[in-house]
Amino acid sequence: MPTAQPSTRPGAPGTQRIDLVLEGGGVKGIALAGAIEVLEERGYRINRIAGSSAGAIAGALSTAGISGETMVKILRATDYERFQDGPWYTRFLLGKALSILLHNGIYRGDHLTQWLQEQLTTYGRPGGTGTFADLLYRDPDPELDLQDGTQYRLVLTASDLSAGRLRFLPEDAYDFGTPPAQLRVLDAVRASVSIPVFFRPVRWRTKKGRPAWLVDGGLLSNFPVSVFDRPEGQVPRWPTVGIKLSARPEKNLGVVNKITGPLSFAKAVVDTVTGFYDRMHIESSHSRARTIFVDTEAVRPTEFDLSDEDQEMLYRKGREAAAEFLDGDGDRPGWDFPRYVREYRSASQT
């Protein structure tokens with residue numbers, strides 16, 4: 001069978017299919033929405049999305065039919081401080097420590113789940129079941145669709161602390177005794193956004209009845225940029241583009257942690273584990289070539305008291321980064337999918 005040729009630049013709105021991989025970043029999700037808004041304005045039609053944490057939320061909203069423009073409005077109106085829904089005593093430092101001791105996390109995460117349900121109900125496609133059955137994916141090539149079997153338009157990651165591995169949801173729902181199509185999108189998002197220590201982990205059970213503790217997918221991989229890549233030797237038919245909430249990396253750049261005591265030491269361990277796997281991927285030239293880097297370092301992922309000014313800055317950074325990726329700047333040419341395939345993914349190279 002002849003190899004399909006990659007599509008050219010987009011023309012009319014919604015004419016170019018694209019897969020997205022969204023990095024997590026806590027409250028920084030409006031930067032993702034800003035970048036998605038630009039992609040849609042330039043004629044890209046989102047095909048599938050993978051993400052963790054904030055990327056899981058943005059992915060759930062987008063695959064429910066919510067546009068980037070509407071997503072921006074939703075996130076601008078969100079009161080992130082309400083996500084801090086711990087018991088009354090968590091307003092105090094000792095209370096936070098007690099909540100971590102008793103519940104393995106400070107905040108319940110119930111308000112976040114309720115908030116997401118409200119957005120999906122208000123702005124999403126009507127008549128859905130709320131499960132991944134609403135997000136079944138069919139390949140445009142019927143022959144490939146039969147070969148690949150059932151897939152989903154949304155892929156979320158969660159870190160399974162009990163098994164010591166990364167979970168891809170909904171596919172890994174089988175291991176918890178749930179058919180993937182029956183897994184609720186809200187439940188998968190809740191697992192993916194469980195920032196360790198800040199939110200209580202999600203507790204599921206395996207098919208054998210053993211407890212499984214799930215936390216933020218970013219703990220193991222915050223940027224699974226290759227999740228939609230075709231097998232080696234097969235040329236991609238449309239682009240997979242990543243949106244990463246950090247400045248462009250330099251080779252061999254790691255996370256610099258200042259260690260002054262046990263708390264900073266623990267944070268350094270988490271930061272190192274979280275970033276290492278993804279840096280291995282992003283340091284490859286073909287991954288950098290298809291990634292939109294949004295500099296959001298000025299805002300912490302857990303800055304729940306995000307000011308209006310910081311929200312505007314994150315939104316603007318997301319839009320600017322996407323525009324620079326598409327149009328180019330002084331350091332790199334604009335995005336050109338056929339050129340990307342020729343340079344990194346042609347059959348002769350693989």
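This is a predicted model: local features need pLDDT of at least 70, side-chain atom pairs count only at pLDDT 80 or more; totals for chains, interfaces and linings use all residues.
Reader: Where does Ser53 lie, and is Ser53 buried or exposed?

Author: A residue counts as buried when its relative accessible area is under 20%. Ser53 has a relative accessible area of 4%, so it is buried. Its place is in the loop between β2 (44-51) and α2 (54-63). Leaving out residues up to four places away in sequence, Ser53 touches Gly24, Gly25, Gly26, Ser192, Val193 and Asp216.

Reader: In which strand does Asp216 lie, and with which residues is Asp216 in contact?

Author: Asp216 belongs to strand β10, residues 211-216. With 9% relative accessibility, Asp216 counts as buried. When neighbours within four places in sequence are set aside, the contacts of Asp216 include Ser52, Ser53, Ser159 and Ala191. Ser192, Ser194, Ile195 and Pro196 are also among the contacts of Asp216.

Reader: How is a cavity to be read, and what lines the largest cavity?

Author: A cavity is a set of points where a 1.4 Å probe fits but cannot get out. Two cavities of 30 Å³ or more are found here. The largest cavity has a volume of about 200 Å³. Its lining comprises 19 residues, of which Gly26, Val27, Ala54, Ile57 and Phe83 lie nearest the centre. At least two lining residues come from each of α1 (29-41), α2 and α5 (110-123). Helix α2 gives the most, with four residues. By class, the lining of the largest cavity has 16 nonpolar, three polar and no charged residues.

Reader: What is the volume of the second largest pocket, and how does its lining divide by class?

Author: A pocket, by contrast with a cavity, is an open set of points. The second largest pocket holds about 540 Å³ of space. It is lined by 28 residues, and Arg48, Gln151, Phe228, Asp229 and Arg230 lie nearest its centre. The elements that give two or more residues to this lining are α6 (142-148), β5 (151-152) and α11 (337-345). The lining divides into 14 nonpolar, four polar and ten charged residues.

Reader: How many salt bridges are found, and which residue meets Arg48 in one?

Author: Side chains of opposite charge can pair when their charged atoms come close. A search of the whole structure finds 15 salt bridges. In one of them, the side chains of Asp19 and Arg48 meet at 2.7 Å, N to O. Asp19 lies in strand β1 (residues 16-22) and Arg48 in strand β2, so the pair ties together parts that are 29 residues apart in sequence. Asp19 is buried, at 1% relative accessibility, and Arg48 is buried as well, with a relative accessible area of 9%.

Reader: Which side chains does Arg319 meet in salt bridges?

Author: Arg319 meets Glu37 at 2.9 Å, N to O. Arg319 lies in helix α10 (residues 308-327) and Glu37 in helix α1, so this pair ties together parts that are 282 residues apart in sequence. Arg319 also meets Glu41 in a salt bridge, at 3.1 Å, N to O. Arg319 is partly exposed, with a relative accessible area of 25%. Glu37 counts as buried at 8% relative accessibility, whereas Glu41 is partly exposed at 47%.

Definitions and conventions
Residues are numbered from 1 along each chain as its sequence is written. Side-chain values use heavy atoms; hydrogens and water are left out. Buried means under 20% relative accessible area, exposed over 50%, partly exposed in between (1.4 Å probe, protein chains only). Contact means heavy atoms within 4.5 Å. On a 1 Å grid over the protein atoms alone, a cavity is a set of points where a 1.4 Å probe fits but cannot get out, and a pocket is an open set with protein on both sides within 12 Å along at least five of seven lines; lining residues have an atom within 4 Å of a point. Grid points are joined across faces, edges and corners, and a volume is the space filled by probe spheres set on the points. Ala, Val, Leu, Ile, Met, Phe, Trp, Tyr, Cys and Pro count as nonpolar, Asp, Glu, Lys and Arg as charged, and the others, Gly among them, as polar. A salt bridge is a side-chain nitrogen of Lys or Arg within 4 Å of a carboxyl oxygen of Asp or Glu.
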